[in-house]
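Reader: Hi! Could you walk me through this structure? I'd like to go topic by topic.

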Amino acid sequence: RRVTSSDATAPHPPVPALELPPTADGFTAQFLRNLNFDGGVTLADASTNDRYLALARTVRDYLMLHALADQQRQAGAQAKAVCYLSAEYLLGNQLDNDLLAGDLAGVAADAMAACGIDLDELRRHEIEPGLGNGGLGRLAACFIDSLATLGVPSIGYGIRYEYGIFRQTFEDGQQVEQPDAWLTLGAPWEQPRPEAAQTVSFGGRTETVDDAGTVRSRWIPEWNVSAVPYDYLVPGFRNGRVNTLRLWRAKATDAFDLRIFNSGDYEQAVRAQTFAENISKVLYPEDSTPQGKELRLQQQYFFVAASIRDFLGRLPEDFDLARLPERVIFQLNDTHPVIAVPELMRVLVDEHGMAWDEAWAVTQQCFAYTCHTLLPEALEVWPVELLGRLLPRHLEIVYRINEEFLAAVRARFGDDEMRIRDMSIIAEFPVRAVRMAYLATVAGSRVNGVAELHSQLLRDKVLPAFAEFFPEKFTNVTNGVTPRRFLRLANPGLSTLITDAIGDGWVTDLERLHELEPLAEDAAFRAAFAAVKAGNKRRLNEVLQARDGMRVGDGHLVDVMVKRLHEYKRQLLKVLHVVSEYEGVVSGRIALADLQPRTVLFGAKAAPGYAMAKRIIHLINAVGSVVNTDPRLDGRLQVLFPPNYNVTLAESVIPAADLSEQISLAGKEASGTGNMKFALNGALTIGTDDGANVEIRELVGDANFFLFGMTEPEVAEIAQAGYHPAAFYQEDAGLRRAIDLIASGAFSGGDRSVFEPVVSNLLYEDRFMVLADYSAYMAAQQRVDAAYADQDGWTRAAILNVARCGFFSSDRSIRDYIDRIWHTPPTT
Ligand code: H53
């Protein structure tokens with residue numbers, strides 16, 4: 001029945017609260033109430049956006065019922081909480097996630113049907129909050145989902161960027177960045193809490209005061225901003241638990257007394273507002289290559305200072321801060337929030353009068369640090385000059401921490417100056433600077449890497465002196481992904497097939513997927529599994545058609561490489577494979593009939609200032625436009641590069657993939673999480689022995705994984721001996737033909753200069769050894785083609801990938817954090 005506008009505005013009987021369990025009528029009534037009274041429109045006049053906002057509000061209202069009950073249950077519990085400190089949360093769409101977790105999808109569908117509304121249209125209307133760059137931000141989003149599902153008392157703290165990760169478009173094949181104005185049509189999932197704002201100070205100087213005989217340092221800041229919290233509900237999967245994600249927005253304080261702007265002049269005062277609000281304006285779009293900008297340090301301090309104050313404010317007034325470690329662990333997501341360490345020291349010592357040694361003991365127990373990288377350039381280092389100007393008291397605290405730490409090193413190892421210089425939290429060259437990873441390692445109770453190999457390399461190569469000094473601190477927690485979003489929601493066909501076979505317990509206990517293993521030998525199950533994959537390819541085509549006018553070829557092997565564009569990830573190796581296949585056909589070396597039909601799908605954003613990454617994007621698009629239109633290929637090889645790869649697109653691409661490209665140079669990718677999502681959705685991996693690929697291969701078995709390339713020790717050996725990429729070019733005719741074709745201008749309208757920087761970088765530098773792994777990669781791709789020719793065998797391997805990847809649930813990661821790092825009480 002279509003509800004008319006007169007129904008919509010008809011008076012409602014008094015309803016005390018929403019009824020639970022939800023009913024379609026109750027949902028409809030609340031939806032109309034939100035539409036009328038929150039949105040101020042009748043159903044008949046409502047735009048798509050009005051309807052979307054009212055629906056989102058209604059879903060949130062139901063979750064809020066659980067949240068309120070949950071808060072009451074937890075109020076007196078005094079349990080130890082996890083505060084996850086992360087500068088990024090790459091959330092993805094909220095509507096389906098919250099409908100699923102709150103078990104509201106059925107009533108919402110009925111309610112929308114009753115109102116004559118197309119729910120799918122509202123789904124498509126949603127703009128995802130892209131408050132992160134890539135793997136690290138998406139991991140944080142998976143972790144808060146698992147924390148809620150496991151019922152761990154926890155708060156995620158971060159920044160409410162007004163502009164998230166840029167929207168990528170292509171002009172003539174080149175990346176153009178557009179601002180991501182995700183808030184402009186309303187933000188129905190968040191709740192501002194202005195009454196809980198915190199003041200965060202910056203700048204100024206320190207002075208020493210004589211406090212009854214002890215000399216204390218005191219910070220006299222120069223300016224401050226207000227941090228206003230915006231709360232997002234983080235529902236557990238159908239368990240009635242709702243945690244909070246608290247994101248901070250910067251606002252000018254009433255007494256914004258930045259001295260230079262303090263002239264009483266209206267124009268200046270407005271400018272001062274802009275200055276303050278800039279702090280949460282935009283997400284820095286660099287993934288694993290920080291630029292060391294002052295505003296970024298401001299962002300980091302802004303959110304951790306507000307978060308620490310916020311958490312301490314939740315403790316009883318008379319709480320003895322010496323017992324703080326019983327109540328909280330602050331998990332540092334990479335080096336971005338590490339300035340929290342001196343901030344907690346400052347709060348304990350300067351504001352609460354705690355003795356230094358006691359405060360240090362407390363602080364060390366309250367922090368743990370996750371390192372997500374092996375790239376030296378990703379470990380943040382802040383110049384002392386900048387830190388001293390922005391946070392003078394914090395710099396003093398860091399100096400003292402360092403002094404005491406180095407004294408302990410001396411006490412153990414003597415005056416070994418090399419070692420002291422190596423381990424100092426303060427680097428001296430090229431400028432004097434604070435090494436945030438070292439500070440986190442010295443301060444934290446634990447340091448973890450994000451995959452077995454990564455944690456090993458952290459100990460052996462990145463922080464070896466620290467691993468020797470504090471062996472007990474180092475541990476591993478292999479990353480994971482949430483099965484709710486990345487299997488249950490993204491792949492409804494496979495989810496139903498699995499549930500029909502083994503029940504639905506896998507959604508919260510992913511190891512149950514093992515029960516599928518015997519079904520790999522069941523022909524009917526294999527046929528059903530293959531039909532699901534085919535259906536997912538059709539669904540992907542609908543999305544790509546509508547979004548970009550693209551489509552995957554019928555009967556094609558869908559070969560996918562989606563991730564940030566970074567040289568170490570080696571998108572160039574994939575391009576060389578495509579160019580070689582193309583060149584093989586046009587030169588007649590490969591008969592067209594022998595070419596396995598393939599669609600190679602790329603998705604990647606490049607940091608706006610990363611010139612080589614942008615050239616590689618240009619090259620991919622250029623190769624695509626030649627290959628896709630050359631009649632000699634007859635459409636058997638296609639390159640698709642839909643712009644603006646994001647979480648939403650991932651949810652359509654991953655379930656449709658046959659082949660997952662995880663081809664980083666061994667020893668460079670800390671873990672990867674895309675690799676896990678693909679395997680869990682039944683794509684086979686072609687990959688190097690890197691990051692979590694190692695664990696994926698161990699679990700799924702060599703026969704169900706295409707391994708190629710050098711191992712990390714082999715890479716280290718070549719690097720040691722001196723790597724000469726040109727030698728590989730000379731020796732391998734196929735490689736030479738591919739590179740020569742690019743160099744010839746075949747993909748740039750005859751203009752040889754366009755990709756010359758890419759070619760000469762490959763030939764004369766090739767930092768990530770693309771050429772050294774080329775022939776192994778080509779051989780592995782031949783094994784892929786041969787395997788794909790046996791469709792039934794491929795499906796068997798795909799099923800085994802699904803069945804054996806239960807380990808990669810982020811629920812397991814969170815349990816590992818609890819066991820190895822947090823020691824929070826058992827969850828319910
Ligand atoms: O973090 C992911 C890893 C991935 C790693 C990524 C990452 C960032 O996205 C940003 C900064 C950084 O240091 C690391 O590259 O390997 O899977 C989650 O741990």
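Reader: Let's start with the domains: how many residues of domain 1 are in contact with domain 2?

Author: In domain 1, 14 residues contact 14 residues of domain 2, where contact means C-beta atoms, placed from the backbone, within 7 Å. By class, the domain 1 side of that contact has 6 nonpolar, 3 polar and 5 charged residues. Ala, Val, Leu, Ile, Met, Phe, Trp, Tyr, Cys and Pro count as nonpolar, Asp, Glu, Lys and Arg as charged, and the others, Gly among them, as polar. Please keep in mind that this is a predicted model: local features need pLDDT of at least 70, side-chain atom pairs count only at pLDDT 80 or more, and totals for chains, interfaces and linings use all residues. Residues are numbered from 1 along each chain as its sequence is written.

Reader: Thanks! And where do the domains run?

Author: Domain 1 covers 1-77 + 103-127, domain 2 covers 83-93 + 128-479 + 815-822, and domain 3 covers 555-808. Those bounds come from an automatic or database domain assignment. Between the C-alpha centres of domain 1 and domain 2 there are 37 Å.

Reader: Switching to helices, at what angle do α20 and α31 cross?

Author: Roughly 85 degrees, with the axes of α20 (residues 523-548) and α31 (residues 791-803) coming within 10 Å. The two helices are therefore roughly perpendicular to each other, a label used for 65 to 115 degrees (under 35 is roughly parallel, over 145 roughly antiparallel, the rest oblique). Axes are lines fitted to C-alpha atoms, for helices over the stretch in contact, and angles run from 0 to 180 degrees between N-to-C directions. Helices (H or I, at least four residues) and strands (E, at least two) are DSSP runs, numbered from the N terminus.

Reader: Which residues meet there?

Author: From α20, R526, F529 and A530 meet Q791, D792, T795, R796, A798 and I799 of α31. That contact has 4 nonpolar, 2 polar and 3 charged residues.

Reader: Nice. What's the strand order in the open sheet of 6 strands?

Author: The order is β22-β21-β20-β23-β24-β25, with parallel pairing. The edges are β22 (637-640) and β25 (706-707); each has a single partner strand, so one side of each is left without a neighbour in the sheet. Strands count as paired if DSSP finds at least two bridges between them.

Reader: How many bridges link β24 and β25?

Author: There are 2 bridges, in the parallel sense, and β24 spans residues 684-687. I686 stands opposite F706 in β25.

Reader: What about phi of Q78?

Author: Phi of Q78 is near 55 degrees, a positive value in a residue other than glycine. Q78 sits in the loop between α3 (48-75) and β1 (81-85).

Reader: And A212, is that one buried or exposed?

Author: A212 is exposed, with 5 other C-beta atoms within 10 Å. Q78 has 13 such neighbours inside 10 Å and counts as partly exposed. The cut-offs are 20 or more other C-beta atoms within 10 Å for buried, 12 or fewer for exposed, and partly exposed in between, with C-beta atoms placed from the backbone. A212 also has a positive phi, about 45 degrees, although it is not a glycine.

Conventions: Contact = placed C-beta atoms within 7 Å.
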